[in-house]
Amino acid sequence: MTEPDAETILETSNALREAHSRDAQALSSPSSHTVATSVVMRTEELERARAFYRLTAMMTAAAGAFMPFVGGTWAFRSAALGLCAIVISANMIALRRLRDETLYTERFVALMGAVLGVVSELVLFYLGLFTAAVMVLPVGVYFFGLSESRFAARTTFIVGSLGYLVLASGVAFGVLPDLGPMPLGSLSIIWKLFFMVMVEVVFATTYFLARSSRRATDTAIARVERANRQIDQKEALLAEARGELDRALRPGEGRYTEQVIDGWKLGALLGRGGMGEVYSATRGAEVAAVKLLHPSILSDPSHVKRFEREAELASKVDSPFVARVIGSGAGPSGVPYVAMELLLGKDLAWHLRQTPRMKLTAVTELVHHGAKALAAIREAGIVHRDLKPQNLVFEHRAHCWKLLDFGVSRLEASGHTLTQGALVGTPAYMAPEQAKLGTVDHRADVYSLAAVAYRALTGKPLFSGPEIASVLYQVVHDTPTAPSSLAHIPADVELVVAIGIAKSASDRFQRAEELAKAFELAAASKLDEPTRARGRKLVQDRPWSEQREGDGT
């Protein structure tokens, strides 16, 4: 058993207080959760489109109202009035289409830009291509230039620019009549070209300003999303730290300190949990961590059997990567106990509080040792069912990670468990079949080891949430954020993790040793092609979460 001393608990408490103080304002704001900013941008664009089409329709209607009273032949005025009607109709169609936002597609936006550009220029041909009326066109270029669709923006700009160039050139060189109220008449060709070039410059400037504005907005949004993810990541870590603090065991003297049980003299209280208390203990030259069932639950036979079961299962395993059981029994008052080797070191949860992300080499070693432990308990016919950072301890003397806590384990062959029909384990590291209260085997432990590796690599658990139910739902139905978007890791490692946390047990590595071997190869970017293809197919079938896509480092 590990020794959660006063320093560990104080560090956890201080870390929580500091994180709360630093992030309280951010976490209390709406941005404390990752906002679907693409949806916000889409909504803003749709509202801008509604305003543009309404104003354009009104402006065109006002222009059309003057057509019967301006100069020119009736045929030209009728044609211009008809073109105004087309513009108004196109705007009405766009407004009607905007009622169902799914119909406002990239192609439709591009079509509207082209149609409005061409028809508006034909109207301007009647009003005068070299008058102030032409400045209406840059308004449209700017509006469509702000569009999310680069295709629509470019289409509108090209149609508007080329269309004006063709018509204005025709008028300037006498091929087309100059119908405007202020014809250029005898102006030299240089002045005519000057007007044309300046209008084209205005078009180009307007387009590039619009696209620059759009890029600046996208960049700002990306920064906000990254900040949101960082806050979300801190929130996940805080949630995990709160859970850890809730489970933190208060050190000091306990009710059994200084008592002798089966020759073990109990010393300081190392920790206290829901099931019992853990004491340092000595028996001659031998030292151990002695766990005793809490007196308040002695009256519940199921808890007593579960406690005894833990000792029974743990004693079946003989591995340097599993905390060794020294003995078990009951004290004079009938309180059952189990004596395990006293591990000199900290659990993985402690290490992750110090350094949220571990180096790839360290995670590779962690997975290798964890797989050794799971292989040993599998050979003993045991499914651990609660592999998590708190149950992996780095033992300094042995320089290896050791697995402990068999409180919710079960015998694989018999399927017997003392928690039948009840949810057991830790949701953030629980396999989907376990979350659904289905039958679990060694592959559920493989999932948990991969989930632990994800946590160590990325600095955040696979899933998190304020309620257990929400986390369980994510475990069963959702995919997590791509590890590579949260930390710089080889692509092969991401594929191995994807296989390890596959929703279906049959899609995962069938043994922990397979996961460890693949992880080692992946860390060196030497993963075999069949495993790569297997990982790619899983990611293709169930892509990583897009909601948190981005660099969270």
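Mentor: A residue is buried under 20% relative accessible area, exposed over 50% and partly exposed in between, with a 1.4 Å probe and protein chains only. We are looking at a predicted model, where local features need pLDDT of at least 70, side-chain atom pairs count only at pLDDT 80 or more, and totals for chains, interfaces and linings use all residues. Residues are numbered from 1 along each chain as its sequence is written, and side-chain values use heavy atoms, leaving out hydrogens and water.

Trainee: Thanks! What percentage of the residues of the protein count as buried?

Mentor: Start with the overall make-up: the protein has 16 helices and 11 strands. Those are DSSP runs, numbered from the N terminus, with at least four residues (H or I) for a helix and at least two (E) for a strand. Of its 553 residues, the share that counts as buried is 50%.

Trainee: Which residue in E4 is the bridge partner of Val278?

Mentor: Strands E3 (residues 276-283) and E4 (residues 286-293) run antiparallel and are joined by eight bridges; DSSP must find at least two bridges for two strands to pair. On the E2 side, where five bridges join E2 (residues 264-272) to E3, Val278 stands opposite Gly271. Its bridge partner in E4 is Lys291.

Trainee: What phi does Gly284 have in the turn between E3 and E4?

Mentor: E3 and E4 make a hairpin, with two residues between them. Gly284 belongs to that turn, and its phi is positive, at about 70°.

Trainee: Is Glu258 buried or exposed?

Mentor: Glu258 sits in the loop between helix H7 (189-247) and strand E1 (260-261). Its phi is positive, near 75°, though it is not a glycine. Most residues other than glycine have a negative phi. With a relative accessible area of 53%, Glu258 counts as exposed.

Trainee: Thr257 is in that loop too. The backbone oxygen of which residue lies 3.1 Å from a polar atom of its side chain?

Mentor: Thr257 has a relative accessible area of 14%, so it is buried. A polar contact is a pair of N or O atoms within 3.5 Å; within protein, one must be able to donate a hydrogen and the other to accept it, and residues adjacent in sequence count only if both atoms are side-chain atoms. At 3.1 Å from the side chain of Thr257, the backbone oxygen belongs to Gly267.

Trainee: On to the rings. What kind of aromatic pair do Trp191 and Phe194 form?

Mentor: Rings of Phe, Tyr and Trp (its six-membered ring) pair if their centres lie within 6.5 Å; planes under 30 degrees apart are stacked, over 60 edge-to-face, and the rest tilted. By this rule the count comes to 15 aromatic pairs. Trp191 and Phe194 have 5.7 Å from centre to centre and 85° between the planes, which makes them edge-to-face.

Trainee: Why are Trp191 and Phe194 separated by about one helical turn, and how exposed is Phe194?

Mentor: The two are three residues apart in helix H7, so about one helical turn separates them. Trp191 has a relative accessible area of 47% and is partly exposed. Phe194, at 41%, is also partly exposed.

Trainee: And what is the pair of Trp191 and Phe195?

Mentor: Trp191 and Phe195 are four residues apart in H7, again about one helical turn. At 30% relative accessibility, Phe195 is partly exposed. The ring centres are 6.5 Å apart and the planes are at 40°, so the pair is tilted.

Trainee: The charged end of which residue sits over the ring of Phe108?

Mentor: Phe108 is one of the residues in a cluster linked by ring pairs, with Phe52, Tyr53, Tyr104, Phe143 and Phe144. A charge sits over a ring if NZ of Lys or CZ of Arg is within 6 Å of the ring centre and within 35 degrees of the ring normal. Over Phe108, at 4.5 Å from the ring centre, sits the charged end of Arg97.

Trainee: Last one: which helices are included in what covers the buried residues of H15?

Mentor: Helix H15 (residues 512-523) has 12 residues. Among its buried residues are Leu515, Ala518 and Phe519. What covers the buried residues includes H10 (360-379), H12 (442-458) and H14 (491-500).

Key
Expected span 1.5 Å × (residues − 1). Contact = heavy atoms within 4.5 Å.
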